[in-house]
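User: I would like to learn how to read a protein model feature by feature. Please give the general idea each time, then the case at hand.

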Amino acid sequence: MTHADADTPTAGPSDRPGRTPHRPRRRTVIAAAATTAALASPLAAGTAARAAGGGPAFHHGVASGDPLPDGALLWTRVTPEPGADPGSGRGGALDVAWEVATDAGFTDVVARGSVRAEAASDHTVKADVRGLRPATAYHYRFTADGVTSPTGRTRTAPADDDAPDHLRLGVVSCSNWEAGYFSAYRHLAGRGDLHAVLHLGDYLYEYPTGGYGTRGRTIRPHTPAHEITTLADYRARHGQYKTDADLRALHAAHPVVAIWDDHEFANNAWSDGAENHTPGAEGVWAERMAAAKRAYFEWMPVRPSVAGTTYRRLRFGTLADLHLLDLRSFRSEQAGVGDGDVDDPARTVTGRAQLDWLKAGLDASTSRWRLVGTSVMISPLAFGSVPAYLLRPLARLLGLPAEGLALNTDQWDGYTDDRRELLTHLRSRGIDNTVFLTGDIHMAWANDVPVEAATYPLSPTAATEFVVTSVTSDNIDDILRVPEGWASPAASGALRAANRHARWIDTDAHGYGVLDVTAERAQMDYHRISDKTDPDATTHPVRSYRTRSGTQRLERAERPVR
């Protein structure tokens, strides 16, 4: 595979529609566990954000994403005139020039061109630049009517046949504007050792001001103040998030590889609806989802694969493939908590076409490591004192679901046939070194992934999984409104007792992960920020886990890679 767009899927939505009528309550897993520089780099120096006399301006920064061996996708949004705010539909069209250079002073420009910014695309523009050198850092900027954007830095991927000595990715998820400041992004932006940043979903939240957990107080209100449901709404919310200085710094410093989860649409979204969507009162779901997807592709440095989806594949030489999933567009409706329908083979989280695409890509991979970006946890999650390996025989006796009682059916636990098929494929085909990278549940986990969820530890493991906590979104200590670190020992202990495949759990930190991959091992360093309500929050590493090549098991690492 030479380019990511040469390995994108060609099939459409799932042929396995959902049918269950039940919907889980919002964030079931967290509630259950609780009861038991405008830019932070010199890259923007010397640039002008606004022209004199109220001309065009670059209020939302610049971004790059989806790096290829010979190119990268560049993004910006130009405000053509005062009042032409995101989602307003105001402002005339104008040409936006772009250029790419090997140096921050742009004395060695290697590519240039222009794109048209129009109201039809909310004055966002993208340049899919090709012809660059592999594994090379570049600087880029945009110009409109004599006004120059901030400067960004991007990096191309290694050549397909190259064997880089390591790959280092920042890993983040779940950033609720109202719950705090994006200090995690600032700290990642300040690192000069990352090849890219992987965002695993919930980049923004759809709720109205005060409508979602913020530890009892809104740190900074959402715009618009109401729940977003229309194209103009989603555009305005994307625009608000990209006014955050730390988020702009992250995008300017590193290419970002992103997938969506539910809150880019509505809570617990599935193919034909969402828990946080009322048909009629909030419009037609298909129209709302189409509006959310359109705004996402306008505002994010992401190449769509199949129209309207984000599942795609990137390659980093012979060291790693990155398989990125869309677990919202094709999934069946979530089953009820404890519902036996979680085992129904007619229900799907991936859709038939995407699951076949993933299996084929993992099977055909010639890389040392197979990284899978999944927005929801694939490892089983149980609560209570009954050991996981006893759940299957008890379930058989009591007539319960074979995989045990699924308490968060929004995760792969609610779609056990898809999970069983994928993990069995890994084992039967001898596909090793598969690492799932996950967000969503606002907690940090380091998991072995057993083939038989109900018989672990007797079951062999098929993969490993690193789950990163949230940037700001509420977790257990926030829900309980207690000091950070107060709830985690008890909650983590209870969870570990019921989930022995989980090597480590942190239930109340906020922060990010740094994944470092070499031929010998893949290691995740978990970093915690000091206070999500402090815009100047500090950070420190709290724990590191690694999986050695060929083992499909995790072990603790004594120190972070940096």
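Analyst: We will go from the whole chain to a sheet, then to rings, charges and backbone details. Keep in mind that this is a predicted model.

User: How many helices and strands are there in the protein chain?

Analyst: The protein chain has 10 helices and 24 strands. Of its 562 residues, 63% are buried. The accessible surface is about 18600 Å², and carbon and sulfur atoms account for 52% of that.

User: How do I read a sheet, and in what order do the seven strands of the open sheet run?

Analyst: In general, the strands of a sheet pair through backbone hydrogen bonds, in either a parallel or an antiparallel way. Here the open sheet has the order 14-15-16-17-19-18-20, with mixed pairing. Strand 14 (312-316) and strand 20 are its edge strands, each pairing on one side only. On average, neighbouring strands of this sheet are turned by 20° against each other, ignoring direction.

User: Which helix packs on the sheet?

Analyst: Helix 8 (residues 416-428) does, and it touches strand 17 (434-438), strand 18 and strand 19. The direction of helix 8 makes about 125° with that of strand 19.

User: Is strand 20 mostly covered or mostly uncovered, and in which sense does it pair with strand 18?

Analyst: Strand 20 (residues 502-506) is mostly covered, with four of its five residues buried. Its pairing with strand 18 is antiparallel and runs over four bridges. As one example, Ala 444 has Asp 506 in strand 20 as its bridge partner.

User: Where is Glu 452 found?

Analyst: Glu 452 is in the loop that joins strand 18 (444-450) to strand 19 (461-467). The C-alpha atoms of Glu 452 and Pro 380 are 9.5 Å apart, although the two residues are separated by 72 residues along the chain.

User: Next, aromatic rings. How many aromatic pairs are there, and how do I classify one?

Analyst: Look at the distance between ring centres and the angle between ring planes: under 30 degrees is stacked, over 60 is edge-to-face and the rest is tilted. The count here is 16 aromatic pairs. In one of them, Phe 182 and Tyr 241 have ring centres 6.0 Å apart and planes at 40°, so this pair is tilted. Phe 182 sits in the loop between strand 9 (167-172) and helix 2 (183-189), while Tyr 241 is in helix 3 (residues 231-241), so the pair ties together parts 59 residues apart in sequence. Phe 182 is buried at a relative accessible area of 0%, and Tyr 241 is also buried at 0%.

User: What kind of pair do Tyr 205 and Tyr 212 form?

Analyst: Their ring centres are 5.3 Å apart and their planes lie at 20°, so the pair is stacked. Tyr 205 has a relative accessible area of 0% and is buried. Tyr 212, at 14% relative accessibility, counts as buried.

User: Which residues form one aromatic cluster?

Analyst: Trp 177, Phe 182, Tyr 185 and Tyr 241 do.

User: Which charged residues lie over a ring?

Analyst: For this feature, check how far the charged end is from the ring centre and whether it sits over the ring face. The charged end of Lys 242 is over the ring of Trp 75, at 5.2 Å from the ring centre. Arg 313 lies over the face of Trp 357, 4.1 Å from the ring centre.

User: Is Arg 191 buried or exposed?

Analyst: At 7% relative accessibility, Arg 191 counts as buried. Its place is the loop between helix 2 and strand 10 (196-199). Leaving aside neighbours within four places in sequence, its contacts are Arg 168, His 254, Val 514, His 527 and Arg 562.

User: Last, the backbone. What should I look for in phi and in peptide bonds?

Analyst: Most residues other than glycine have a negative phi, and most peptide bonds are trans. Arg 215 has a positive phi, near 55°. Arg 215 lies in the loop between strand 10 and helix 3 and is partly exposed at 27%. Asn 268 likewise has a positive phi, near 55°. Asn 268 is in the loop between strand 11 (256-258) and strand 12 (269-270), and counts as buried at 4% relative accessibility.

User: Which peptide bond is cis?

Analyst: The bond from Thr 223 to Pro 224 is cis, with omega near -5°. Pro 224 is in the loop between strand 10 and helix 3.

Definitions and conventions: Residues are numbered from 1 along each chain as its sequence is written. This is a predicted model: local features need pLDDT of at least 70, side-chain atom pairs count only at pLDDT 80 or more; totals for chains, interfaces and linings use all residues. Side-chain values use heavy atoms; hydrogens and water are left out. Helices (H or I, at least four residues) and strands (E, at least two) are DSSP runs, numbered from the N terminus. Buried means under 20% relative accessible area, exposed over 50%, partly exposed in between (1.4 Å probe, protein chains only). Two strands pair if DSSP finds at least two bridges between them. Accessible areas come from the Shrake-Rupley method with a 1.4 Å probe; for residues, only the protein chains shown count as cover. Axes are lines fitted to C-alpha atoms, for helices over the stretch in contact, and angles run from 0 to 180 degrees between N-to-C directions. Contact means heavy atoms within 4.5 Å. Rings of Phe, Tyr and Trp (its six-membered ring) pair if their centres lie within 6.5 Å; planes under 30 degrees apart count as stacked, over 60 as edge-to-face and the rest as tilted. A charge sits over a ring if NZ of Lys or CZ of Arg is within 6 Å of the ring centre and within 35 degrees of the ring normal.
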